[in-house]
Amino acid sequence: MMQYCFKYALLLVTTCSFALVRPVVAVAEKPAAVERPNILLVFTDDQRADTIHALGNPAIITPNLDRLTERGFVFNNAYIMGSNSPAVCLPSRNMLMSGRAYFHFRRYKLPDRRHPFPYASPEEPNVPTTLGTAGYETYHHGKKGNTARRIHPLFDHTKYVTHHSVLKNGQPGKVVVDRAIDFLKHRKTDKPFVMYLAFSEPHDPRVSAQEYRDMYDRDEIPLPKNYLPIHPFDNGEMTIRDERLEKWPRTKDAIRRHLHDYYAMITGLDHHIGRLFQALKDQGLYDNTIVVFASDNGLALGSHGLMGKQSVYEHSVKVPLIVAGPSIPHGDSDALVYLLDLFPTFCEWAGTPVPEELDGKSLAPIIAGRSEKVRDTAFFAYRGVQRAVRDGCWKLICYPRIDRTQLFDLSTDPDETHDLSADPAQARRIESMMKLMRRWQERLGDDAPLVVDQPADGRWTPPARKPKKNKAISGRRNDRSRSIVFNEVNLLHGSP
Ligand SMILES: [Ca+2]
């Protein structure tokens, strides 16, 4: 990357020198296409940060992501900021495409809606418009529901997954990868490209072929270290769709069944991502393409007694983020970063100015070793019911509606199992972190109260009846794969 920055800087100097004798030249020429890297963003759906073998999970099989990790740069503390909707994918993918916190989407409202949607405005800077203007060919292919649908039409090429075919073939990601390889083979331009592959896996329904399922012994899959049968209090979102994917209490056997489905799907996805990487080599693009691997949010799957991602625990807001390619060194960073930092990072790689007013910060200086961080602390939010902040070590979670806080020392307790908020020795720390939380709220324009007049009783008892099958979770169970198959209508409308 230093190489590209240097070349671009040299070009600017050269062009400015010409400007002294040729006043008609008012702006710097763009660097030649060959000097700028292609950017391939491989973006999965609901993939926890701890689901890559090379990053410390011996139970999962991900050989292609392992190779990416072994040659690339890993962000150990990459996050989403949270969500203003149970459909966490939706603001996550809009923040990714716009480089803005979802709190700043409010300027854009659908004309027929009283309330703002969690969509970024297509009229403000975004990945396809900015990179396209910079001379990139832009390509998107991915899930249709709960995504940045107002920005996708701005790509030169954009299309959506036909969910029905994905369900039938049991090959996670194959359709998106097949089309991407076809695109790479038949491009008719020498422009650099930015390719955004927005996979719909390993989000449920978790269907994968038997070959991937047979790679695991279900009984040997370890439970999450923070597994609980039931979440110990009402976090404000206890019976949302994802939570109804498994009855209460969540038994160890049930969680292993879900993890088996999940891991097999990730292994299948890894296989097809590997085919994509091979295609880059076959087309002579491997040495000039920066690959970014990330996911739109994590998932509980038994952690803290939860199933979904509608919380601000690490398992749900932390995401995998790996960068590899030309001039990207092998290494890692503990810097606190968000996915919305990727847009300005892409701008720097592309040699084009970062648009003003973005919330994201370019990660290029961290990758190049010129800087250790882009922010000192990180803030997380879930609708109006959960808020959290973290610094290098500590994380404070606040549940205002039940007047409850949790304090975790992430340096010794990364799984958030030992709540220290009742320890009198931590009172000043909690007070300080609450102030920090308020400062974040002021900066973002987040008006959710952190204190309410009459807090609700935080105790929670699971529903007596079995989880109800509604439109969102209706379907049938495939006895062979033991995976839930959803009706297509629901999938097209998306699910949380
Ligand atoms: Ca998701």
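**How the terms apply to this predicted model**

Modeller: Welcome! In the largest nonpolar core, which has 109 residues, Met81, Val292, Leu339 and Phe346 touch the most other members. Helix H8 (residues 252-282) gives the largest share of this core, 12 residues.

Colleague: What makes a set of residues a nonpolar core?

Modeller: The members must be buried Ala, Val, Leu, Ile, Met, Phe, Trp, Tyr or Cys residues, joined through C-beta atoms within 7 Å. Please keep in mind that this is a predicted model, where local features need pLDDT of at least 70 and side-chain atom pairs count only at pLDDT 80 or more, while totals for chains, interfaces and linings use all residues. Residues are numbered from 1 along each chain as its sequence is written.

Colleague: Why is Phe193 called buried?

Modeller: A residue is buried if 20 or more other C-beta atoms lie within 10 Å of its own, exposed if 12 or fewer, and partly exposed in between, with C-beta atoms placed from the backbone. Phe193 has 22 such atoms within 10 Å, so Phe193 is buried. Of the 496 residues of the chain, 46% count as buried.

Colleague: Which residues is Phe193 in contact with, leaving aside its neighbours within four places in sequence?

Modeller: They are Asn38, Tyr136, Glu137 and Tyr139; a contact means that two C-beta atoms, placed from the backbone, lie within 7 Å. With sequence neighbours within four places again left aside, Phe346 is in contact with Ile39, Val127, Leu131 and Val194.

Colleague: Where does Phe193 lie?

Modeller: Phe193 lies in strand E7 (residues 193-198). Strands (E, at least two residues) and helices (H or I, at least four) are DSSP runs, numbered from the N terminus. The chain has 13 helices and 18 strands. An open sheet of 8 strands, with mixed pairing, has the order E6-E5-E7-E1-E8-E10-E2-E11.

Colleague: What makes E6 and E11 edge strands?

Modeller: Strand E6 (157-160) and strand E11 (331-333) each pair on one side only. Two strands pair if DSSP finds at least two bridges between them.

Colleague: Which strands does helix H2 touch?

Modeller: Helix H2 (residues 63-71) packs on the sheet and touches E2, strand E8 (289-295) and strand E10 (321-324).

How values were computed:
Axes fitted to C-alpha atoms, helices over the stretch in contact; angles between N-to-C directions.
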